Amino acid sequence: MVSDVLLAADGHWPRLLTELAGLTPEQLQDRHQPCPACGGTDRYRWDRDDGPGGWYCNQCGGRERSGGGGSGMDLLLRVTGWDFATAARHLEAHLRLEQPKPLRVALPPPAAAQRAEPHVSWDSLLASAAPTPPPLPKAVAAFHLALLDEQAAPLPTGSPYAYSDHQRVSRVDRSGGKFFYANHRTDQGWQRGAGPDPWPMYQWSSLLQARGHWLLELEGEKCADLLISGGFLASTQPGHAHSSPQIAERYRALRQAGVAGIVYLSDHDEQGQRRARQVIKAAAEVGLPLLHLPAGEIWSGLPAGGSVDDAPGLLGERISVILRAARAAHLRMNHAAGDCSAVSVIAGPTPGGTAPPRAAHTPGERPFLCLGFDGDGYYYQPRSTGQVVRLASSSHGGMNLCRLAPIAYWETLFPSKTGVNWTAAASDLFTQQAAVGIFDLDCLRGRGAWADAGQSVLHLGDRLVVDGRSQPITQPFCSRFHYQRGAAIHGPGDATPLSDQEAFMVLSIAERFHWDIPASSLLLAGWVALAPISGALSWRPHLWLTAAAGSGKSTLLERFVGVLLGDFALPVVGNTTEAFIRQALRSDALPVVIDEAESNEKADQQRIQQILALARYASSETRASIGKGSAAGEVQRFRVRSMFLLSSVSTALRQGADRRRFSQLTLRAPDHLQPPARQRHWEELDRDLEEQITAGAGRRLIARTVVLLPMIRQAVRVFSRVAAAHFGSQHQGDQYGTLLAGAWALQSSEVPTAAQAQALIAGSDWSTFQQSIGLPDERRCLNRILQFELRVETEDRIHTRNVGELVETVVTPGGLDPVSARYAEEILSRHGIRIQEGHLLVSNTAEAIARILDGTPWASSWSTILSRLPGAQPTTNSVRFKGAGSKARACAIPINGL
């Protein structure tokens, strides 16, 4: 492509101008001298050897040729008289660039040298040019325009305009305007009139050879000839045979010949719009893709009836405008169709909010991808860096745009007297971004393993592995997500996946640590197996490892978990903040390992609770994001898809939601062993860890997990369903079923049956784990209230009783307790609690209840939480409690349910 040729020419312009344009070394010096393009005496100088080159002439330089500077390419065009496409081909050949070349259409001999029998059908028209090729594959619809072959005979242009060897159109200019006459040839020579045969499009024989490419179609032979002179294959419909059925027949023949589509440039008038409607209708009828470009929309200020011949700028600049507009229209067409095979640029979200798929980009496309916009932010992904860049509308200046593409790219497409017309470049980018649509930040994906529309994607920072095939990070594939570049991680590398027998070794070594509950080894091994693919799981279970001194916790974390995960994890220590973890992960799906997650001090407790909230969010697959605002008024979104492993002496799991998402594993010191046996145990474990749990084994384990990703996802569904039935809870089914599916992947490469899953679950005692999940929040809230101690003043002394004891005294009075039912009822009522008609009434607004629940998650919502208890319901009327102003609604809880 042109941009590749110009990049290859950077720094070589003095040599290229000497060899291609015949300039002398003296003409390429930075001193005033005659201009090689326009003469003079001292109006010209060459002032830049590096990059795109540079020259200045105060007579013919600049875009308007009225004085100014330009690049080496500009000077080559001025001196040689070549058009842009011809110059690019000469440069390509001279530099011997090894790259795929676009189609070059071999042209037929001039019409005067031909003589053929009249054509009587479209079949004969097709046969006259080439045999009908097989149907064009759908994937060829990527946008490439057909170019002319510079080695072929020149295409006959100008009036009379040859449509075939026996059909032509003559143009006559008179004072009353321009007039066109159709002529046909018979045995008696050229005759006035169209004749009996159907007319093809202009330059028909050449069009039929443009298989796999898009053709330019304009209104009128003059405009077609103008683009032919610029090196492109262009055509038009015969003006006297321009009905929709006639056009449809020609388009049907082009489609059968394998032409990818038509780029139609309509004139800037009512007739142009009318003819555009005709070709659009005809193209739709035969299924030929067509991109409509109204000339009045791509060039502002165009006169009525104007087209490319009336457009401003040099021919190369006009062609650049057409190409940019055609690519934008092609992008919109494929967004609407949702066709992965045809899209040649990365697409952002559609107005409906769902990002359409994107596909492999075509070599030679622009050096960056337009991802879309959101508010005042415009998002790009330069191919040079692979990272997503956000630019505000006011930041589309030279410095920032050079982050997207080299200066030569901008100088070529948007030249100006002073170098680059940055305003025009920004305007073009805004147009492209508007065509893409709104950018969805949730579609960004970082490092880790992902499931993507049936594909397994492993993001290693600088490259992707898609279904086992490695590709650069900047080579997109059919996906609605954007994978941006990050720091490279080794991950599995090129390691061979562990076999079933080798993987079982990981599970066996996990069992040799001394666990308080033997089934803990299954859960830990399952977590280690699944953690690298956490981004591809719908439920991400977390672990909290607790252990006393001497139990092997450090050995387990450093020499087992740490070695097996390698650099495919984010290891941190306990004083790390939630903000650091969130910002370090960004859009990565890497497991998080936190050692020394102690919560002894109040500040530590708050910090750990914030981390738990982050882990709680990361557990389930949801479209919701963590949103943060910045000082600049920008919105930051985070989607965490990581599995967490925390380690400490004791846990800080307070809320039921955390207990359901974390499985607590406890190591115990092997005190039951005699010292010699204990020493022998650690020596043997140390030897096996050294020999078997190695960095190489870790890479091979990750490779196995990624290869088995489809199987593991099915195994998770089987184990979750069986575990939910076994434990009687879907929450426990998701938590333990997912971990056990990871443990299963260390034993087998096959999807388990329900019977196999049940056998693995039944082989361990899970009662302790079920108890560790604890009571639901509503029961824990009630227990907190019932266990709160109150001071009760009687006639002789002060007694201490908890709320539950006082409730029991009121319900069953007459015992030997010195605190009578009367005292118990009074103190409870002053604290917002009453017993009435077999129910415990708890005030919804009592300050005393708020003090009792201070520091708990229910301090401001106890009425809602308590209403979840069996049989609990709100009172229909307000209830009066002791003290002035203490009349309030309450939650009525059945006494027999306490």
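Valine 561 touches Leu524, Trp527, Val528, Leu556, Val593 and Leu645, leaving aside residues up to four places away in sequence, where contact means heavy atoms within 4.5 Å. This is a predicted model, in which local features need pLDDT of at least 70 and side-chain atom pairs count only at pLDDT 80 or more, while totals for chains, interfaces and linings use all residues. Residues are numbered from 1 along each chain as its sequence is written, and side-chain values use heavy atoms, with hydrogens and water left out.

Val561 is also one of the residues with the most contacts inside the largest nonpolar core, which has 95 residues. A nonpolar core is a set of buried Ala, Val, Leu, Ile, Met, Phe, Trp, Tyr and Cys residues joined through side-chain atoms within 4.5 Å, and buried means under 20% relative accessible area, with a 1.4 Å probe and protein chains only. Helix α23 gives the most to this core, with 10 residues.

The axis of α23 (residues 709-727) comes within 9 Å of the axis of α25 (residues 754-762), and the two cross at roughly 55°; axes are lines fitted to C-alpha atoms, for helices over the stretch in contact, and angles run from 0 to 180 degrees between N-to-C directions. Helices are DSSP runs (H or I, at least four residues) and strands likewise (E, at least two), numbered from the N terminus.

Elsewhere, glycine 377 lies in strand β16 (residues 377-382), and at 0% relative accessibility glycine 377 counts as buried.

Methods
Buried < 20%, exposed > 50% of the residue type's maximum accessible area, 1.4 Å probe, protein only.
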